[in-house]
Amino acid sequence: MMSDIPRAGTIAWYEYYAGKVIELGDHMELPEEVVNDAIELWEEAIGTSRSPLPLVVDCLYICAKLSGNRVGIKAIKRATKDLWGKSIEVLPLDRRRNERRWVWKFKDFIMSLYPDEAAWEDFTEAWQDKIVDPEYFNEE
């Protein structure tokens with residue numbers, strides 16, 4: 001399966017992952033505008049701590065939620081399992097960083113797609129200002 005993925009950074013690679021966004025969006029019956037926004041966000045966020053396919057899943061989830069579509073993490077995980085044979089974790093905590101999710105760095109870009117501060121606050125409320133306790137890194 002991995003051999004089917006084009007070389008990173010090539011046009012074919014971008015098209016491959018854009019196709020994954022479309023495939024997942026279609027499977028979840030999301031509007032075309034949401035899927036297109038997710039592709040835009042994915043392209044913007046390449047290079048974060050997330051691998052390309054999990055980043056696809058994160059971006060589609062973010063755009064679906066902020067656009068007002070009812071999408072749950074469990075539903076996305078089931079959809080990825082159905083489509084690709086493995087469930088992909090949505091926006092997991094990154095214990096290596098103080099800002100535990102990559103989205104903080106892209107808030108301005110996300111807000112340019114969905115300029116609703118109340119929706120952003122609602123979306124991020126559960127994990128705002130939660131940073132890794134420095135003691136986590138201390139070995140005993």
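Is Arg 78 buried or exposed, and what is its relative accessible area? Arg 78 is exposed, with a relative accessible area of 52%; exposed means over 50%, buried under 20%, and partly exposed in between, with a 1.4 Å probe and protein chains only. The model is predicted: local features need pLDDT of at least 70, side-chain atom pairs count only at pLDDT 80 or more, and totals for chains, interfaces and linings use all residues. Residues are numbered from 1 along each chain as its sequence is written, and side-chain values use heavy atoms, without hydrogens and water.

**Arg 78**
- Arg 78 lies in helix α4; helices are DSSP runs (H or I, at least four residues), numbered from the N terminus.
- Ile 88 is ten residues from Arg 78 along the chain, and their C-alpha atoms are 8.6 Å apart.

- Beyond its neighbours within four places in sequence, Ile 110 is in contact (heavy atoms within 4.5 Å) with Leu 41, Ile 62, Leu 66, Val 103 and Trp 120.

**Helix α2**
- Buried residues in α2 include Val 34, Asp 37, Leu 41 and Trp 42.
- Among the elements covering the buried residues of α2 are α1, α3 and α5.
- Gly 47, which follows α2, has a positive phi, near 100°.

Terms used: Helix = DSSP H or I, 4+ residues; strand = E, 2+ residues; numbered from the N terminus.
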